[in-house]
Amino acid sequence: MKKIASKDSKLLLIFSGAVLLMPLWLAPFGAAYPDLLQKFAIYGIFAIGFNILFGLTGYLSFGHAAFLGVGSYAAVWSFKLFTMNVLPAVLFGVFFAGLLALAIGFVSLRRSGIYFSILTLAFAQMSYNLAYSVLTPITNGETGLQLTLNDPRWLDSLYKVAGEGLPSTELFGLKMSGYPGFYFCAIILIVCFFISLRIFRSPFGLMLRGVKSNQNRMNYTGLNTRPYMLSAFVISGMYAGLAGSLLAVTDPLAGAERMQWTASGEVVLMTILGGVGTLVGPMLGAGLIKYFENIFSSFNSNILHEIFSFLPDGIENVMVKVTGLFVGSGWHLTLGLLFMIVVIFLPGGIVEGAQKVKNLFVSNDQKGSAESSPEKQAVE
Amino acid sequence: MDAIIIQILNGVDKGAAYALIALGLTLVFGTLGIVNFAHGALFMLGAFCAVTFNKIMTLSVKIKDESVTLFDAYKEEPYLKIWFGETGEALIDYAVPLSILFAIPIMILVGYVMERGLIRHFYRRPHADQILVTFGLAIVLQELIKASFGANPIPQAAPAILAGSANVGSWIGLGDTLVYPWWRLIYLGFSGLIIFSVFAFLQFTTYGMVVRAGMRDRETVGLLGINIERRFTIVFALAAVVAGVAGVMYTPILPPDYHMGMDFLVLSFVVVVVGGMGSLGGAVAAGFLLGIVQSFASMNEVKQILPGVDQIIIYLVAVVILLTRPRGLMGRAGVMEE
């Protein structure tokens, strides 16, 4: 036990260091600017939360984007009604997402397997459709919810005069754009990581793993698994709401497209790419996907022509045409391919891949872990 | 009375599309045990077969316009018209129905390649993996179509003779106010025909009998010396064809764009679940039922009482069904109830 504890604190230390120093060590990759770093941290939180549900219990939710959206809306409303301070916004986001997760989870968790996936998908689509149509007074429909000049902001108006133009989000006077915004998200990310670490090591986490490996057997022992499942679902919904509210903190607007089911698919991909059920995997996956999204979608045909300029003209044009499919607006094509490749060849994600590579270099008698990988079991 | 009949027609029409897609989904699930999230993309591919065929038919050449004498004017003239005159024009007019002939071999090929190349490796993997890999495939197909046809819907015209509306009211003695577009009626009949032929194929042919036996107990059928996997591949191709031709025929109703498959897929899954996973009759019945329910929910009178109900009614029905009757309307007891 003691060994695990010290290992965990080491892991947490390394993780915190890596996150806080991101502006330094990501600089050579061209990713060290605040907007992108904020995204890394926010989607990291989203994926870590999703992993608590999917990784531990094996329940694949296709509706987590709904919680992200609700978190965003709640945060923007807090900016509009109360104050530009980010703390209440974040709390509201988490609270309302948790509430929604409680309601959806209560119903969806009565079923498992693919029915659970379809139920969550149905609920998320319902929320999305409602946000676009009837709930327009709350969500502002297609335009998206934005700050306006005549928002009341009751708390703010009590003790200070409204300045010119739209106010920006702040934490007790510290403006939440650029690096301060990133560090705010990063600290929350580290806290979230710590909580997920504690959940993974707790008896509660063990219970959830039990559900994943055999829920029937858990029930036969006389244990009612539903409260545990519901807690896991609500926790992961709250993580999503937190991520949504942080999106609103760094950029105070919210749109219904955040709730679309393709957005739910994205977080699934992040988790899988990194490694389902691992601690750092989801963070890795989220970072990689957001990084490549940023790099790939910035490419255009001019840059491609420059890259392939060393080739003869004819070949250059062909190369530009072929690669042009995958970059720029074609980024989603790359994402889809990546999705398939990861699921087909590396169901355990990057973390498993790294372990396999590591096993190549260590002596044979330590190879046990690689033998029981899910891929090999599937082949048998 | 008129309004109700119109709503029922609308609903049956939409329901026909759901039913056709759900039928394919159920076939694939019942035979291969695969949850295919790329099935909507097959519907979309079918629709784009029609678009491609139309493009081929109307390949044009620029020729001098003789009717303008003041200056040199040019107009686009399709080759078919130049070569065959009026017959050519008629061919172009009937591009959408004709493209079914074009779509069938393509969809068979797509289905076959998809099953042999990808799906086969996922028989024994968990459902979550199947969902994910087919979801990825759907994104890829959708983006490929977007890259080659653009993001805007491409309207397709029904044959001119079917462009107007049928006077349904006078057929059943209800006055002339009740009219309904011809093409939608054709679509309805066509869907009925497809559904009927799929059922007839499964019910009355030896091949279909073996497939049904395989759906019940794949192992025993295998032990009897029948190569059941091979037959299931054919079934997958058949499901792809059903989705494809449904897409072709739907193009004059809804101009196809690259994400139409996804839109229909989510609903079709709901349809399958409501009908009962693995029950073909259930899929068809639930498709029509949900189509009608949806079209009634979008009546103005209903919307006034319950605003927004048209947007969520299908999901709502699905939630209620899943919670009260887990196996779906017509599902067999014990099949995928968990």
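How many residues does the contact take from chain A and from chain B?

1. The contact takes 36 residues from chain A and 40 from chain B, with contact meaning heavy atoms within 4.5 Å. Bear in mind that this is a predicted model: local features need pLDDT of at least 70, side-chain atom pairs count only at pLDDT 80 or more, and totals for chains, interfaces and linings use all residues. Residues are numbered from 1 along each chain as its sequence is written, and side-chain values use heavy atoms, with hydrogens and water left out.

2. About 3600 Å² is buried between chain A and chain B, 81% of it on carbon and sulfur atoms (buried area is the accessible area, 1.4 Å probe, that two parts lose on being put together, summed over both). On the chain A side, A:Ile114, A:Tyr115 and A:Trp261 lose the most area to chain B, together 19% of what that side buries.

3. Now the polar side of things.

4. By class, the side of chain A that touches chain B has 25 nonpolar, 9 polar and 2 charged residues. Here Ala, Val, Leu, Ile, Met, Phe, Trp, Tyr, Cys and Pro count as nonpolar, Asp, Glu, Lys and Arg as charged, and the others, Gly among them, as polar.

5. One residue to look at in chain B: B:Asn152 is exposed, at 59% relative accessible area (exposed is over 50%, buried under 20%, partly exposed in between; 1.4 Å probe, protein chains only). Leaving aside residues up to four places away in sequence, B:Asn152 touches B:Pro256 and B:Asp257.

Conventions. Chains lettered and ligands numbered in written order.
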